[in-house]
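Subject: Structure handover

Hello,

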Amino acid sequence: MARLDGKSRTMSPLLDIKNICKSFDALPAVNNLNLTVEAGEIFCLLGPSGCGKTTMLRMLAGLETPDSGHIIIDGRDMGSVSPAERPVNIMFQNYALFPHLTVAENVGYGLRRDGVHPAALTNRVEELLHLVRLTGFEGRKPESLSGGQRQRTALARALARRPKLLLLDEPLAALDRKLREETQIELVALQRQLGTSFIVVTHDQDEAMSLASRIGIMNEGYLIQTGTPQ
């Protein structure tokens, strides 16, 4: 889907979801969903548990395969693209940090698997730890970190390979109320600094209103409304 901006240039959205459907054991999870997300947006999928929002997130990441429809990211149909090759990364609700690895090793894990040169890897990890305010925590294991520090470690790891689209599944759910409010502000500031598009899945209306430039409301597998928080 193309749009014409004020400078009369044809621009494609970063993400274009077309008629996506997904069922499990004949039970629909996502029903004919259509959505576009522009570069630089924080888009929140908001809805109750079981409405299909996490399934949609997993399809974007390539962890689930749609029954029908198309997912187009940066102009490329993702139908035959493996999860590792997609310009996407996902941060899970439980953070999924490796308990036996240090903070630095967790952050650099994907880069090591990609064969990044050790010097470049070290520089990138240092850059990310500075970005998420974890400089000095390089040698710690996840068990010695607070909830907020584990969240920031997972965020740095998700950003390490410079994804064009970052998927966050209930990213603040494990934090207490005060830390959740502080982290909302940090996430928005970080996203503006990086310019990376974020898609955030949440069931918390206040969280969606605080984070998002646009919100999509899901219910029973349908995307029933999109719009700005206002």
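This is a predicted model: local features need pLDDT of at least 70, side-chain atom pairs count only at pLDDT 80 or more, and totals for chains, interfaces and linings use all residues. Residues are numbered from 1 along each chain as its sequence is written, and side-chain values use heavy atoms, with hydrogens and water left out.

A few terms before the findings. Helices (H or I, at least four residues) and strands (E, at least two) are DSSP runs numbered from the N terminus. Two strands pair if DSSP finds at least two bridges between them.

The four-stranded sheet

Four strands make an open, antiparallel sheet in the order E4-E3-E6-E7. Its edge strands are E4 (27–37) and E7 (76–77), each pairing on one side only. E7 is joined to E6 (residues 68–73) by two bridges in the antiparallel sense, and Arg76 in E7 is the bridge partner of Ile73.

Helix H1 (residues 53–61) lies across E3 (15–24), E4 and E6, and runs at about 120° to E3. Axes here are lines fitted to C-alpha atoms, for helices over the stretch in contact, and angles run from 0 to 180 degrees between N-to-C directions.

Gly62 lies in the loop between H1 and E6. Gly62 is buried, with a relative accessible area of 18% (buried means under 20%, exposed over 50%, partly exposed in between, with a 1.4 Å probe and protein chains only). Leaving aside residues up to four places away in sequence, Gly62 touches Pro83 and Arg86; contact means heavy atoms within 4.5 Å.

The six-stranded sheet

The order in this open sheet is E8-E9-E10-E5-E11-E12, and the pairing is mixed. E8 (88–91) and E12 (222–227) are at the edges with a single partner strand each, so one side of each has no neighbour in the sheet. On average, neighbouring strands of this sheet are turned by 20° against each other, direction ignored.

E5 (residues 42–46) and E10 (residues 197–202) run parallel and are joined by five bridges. Leu46 stands opposite Thr202 in E10. Helix H5 (residues 147–159) packs on the sheet and touches E8 and E9 (165–169), with its direction at about 170° to that of E8.

The H5 and H6 pair

H5 also packs with helix H6 (residues 177–194), at an angle of about 20° and with the axes 12 Å apart. That makes H5 roughly parallel to H6 (under 35 degrees counts as roughly parallel, over 145 as roughly antiparallel, 65 to 115 as roughly perpendicular and the rest as oblique). From H5 the contact uses Gly148, Gln151, Arg152, Leu155 and Leu159, and from H6 Leu179, Thr183, Glu186, Leu187, Leu190 and Leu194.

Most residues other than glycine have a negative phi. Which phi does Asp25 have? Asp25 has a positive phi of about 50°; this residue is in the loop between E3 and E4 and is exposed, with a relative accessible area of 77%. Glu220 also has a positive phi, of about 55°. Glu220 lies in the loop between E11 (214–219) and E12 and is exposed at 61% relative accessible area.

Regards
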